[in-house]
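Dear colleague,

My notes on what was found in it follow.

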Amino acid sequence: MPQNKLNPSVMPEFDMAQQLRDEVDIVEYLRQVLADGDGAELAAALGHIAKARGMTEIANASGIRREALYKALRPHSQPRFETIQRVCKALGVQLTVEQRH
């Protein structure tokens, strides 16, 4: 009986930005990333969200050049907190603090 083998080179690449369809998706995604506590992952997640919303629009709203925004929000980057704040504001989200239980 022949086996069907998948060829990874012809499979579409996963794009998280395509999974972020609405505000509920975006908020839940950010909650999960923040719960993991990885700053580089937060930057990458904000990049996925900005891509889903339109990188040019987010760049304009945040006052950060588009190229600089791509660089700051790529995986494994370490953007300044000011950059994170400006991007969050442009995205219409805010990071909050609550006591652990």
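His 76 is exposed, with a relative accessible area of 72%; buried here means under 20%, exposed over 50%, and partly exposed in between (1.4 Å probe, protein chains only). This is a predicted model, in which local features need pLDDT of at least 70 and side-chain atom pairs count only at pLDDT 80 or more, while totals for chains, interfaces and linings use all residues. Residues are numbered from 1 along each chain as its sequence is written, and side-chain values use heavy atoms, with hydrogens and water left out.

His 76 sits in the loop between α5 (66–72) and α6; helices are DSSP runs of H or I with at least four residues, numbered from the N terminus. Although His 76 is not a glycine, its phi is positive, at about 70°. The loop between α5 and α6 also holds Arg 74, which is partly exposed at 43% relative accessibility. The C-alpha atoms of Arg 74 and Gly 47 are 6.4 Å apart, while the two residues are 27 apart in sequence.

Turning to charged contacts, side chains of opposite charge can pair when their charged atoms come close. A salt bridge is taken as a side-chain nitrogen of Lys or Arg within 4 Å of a carboxyl oxygen of Asp or Glu, and the count by this rule is 5. One of them joins Lys 51 to Asp 15, at 2.9 Å from N to O. Lys 51 belongs to helix α3 (residues 39–53) and Asp 15 to the segment before α1 (16–19), so this pair ties together parts that are 36 residues apart in sequence. Lys 51 is partly exposed at 47% relative accessibility, whereas Asp 15 counts as buried at 17%.

Another salt bridge links Arg 53 with Glu 23, where the closest N and O atoms are 2.7 Å apart. Because Arg 53 lies in helix α3 and Glu 23 in helix α2 (residues 23–36), the pair ties together parts that are 30 residues apart in sequence. Arg 53 is partly exposed, with a relative accessible area of 25%, and Glu 23 is partly exposed at 43%.

Glu 82 and Arg 80 form a further salt bridge, at 2.6 Å from N to O. Glu 82 is partly exposed at 38%, while Arg 80 is exposed at 54%. Together with Arg 86, these two residues are linked in a network of salt bridges.

As to the surface, Leu 34, Phe 81 and Leu 95 form a nonpolar patch with about 280 Å² of accessible area together. Such patches are made of residues with over 30% relative accessible area and no salt bridge, nonpolar side chains (Val, Leu, Ile, Met, Phe, Trp, Tyr) being joined within 5 Å; accessible areas come from the Shrake-Rupley method with a 1.4 Å probe, and for residues only the protein chains shown count as cover. Leu 95 is found in the segment after α6 (81–91) and is partly exposed at 33% relative accessibility.

With kind regards

Definitions and conventions:
Patches are made of residues with over 30% relative accessible area and no salt bridge: like charges are joined within 9 Å, nonpolar side chains (Val, Leu, Ile, Met, Phe, Trp, Tyr) within 5 Å. Helices (H or I, at least four residues) and strands (E, at least two) are DSSP runs, numbered from the N terminus.
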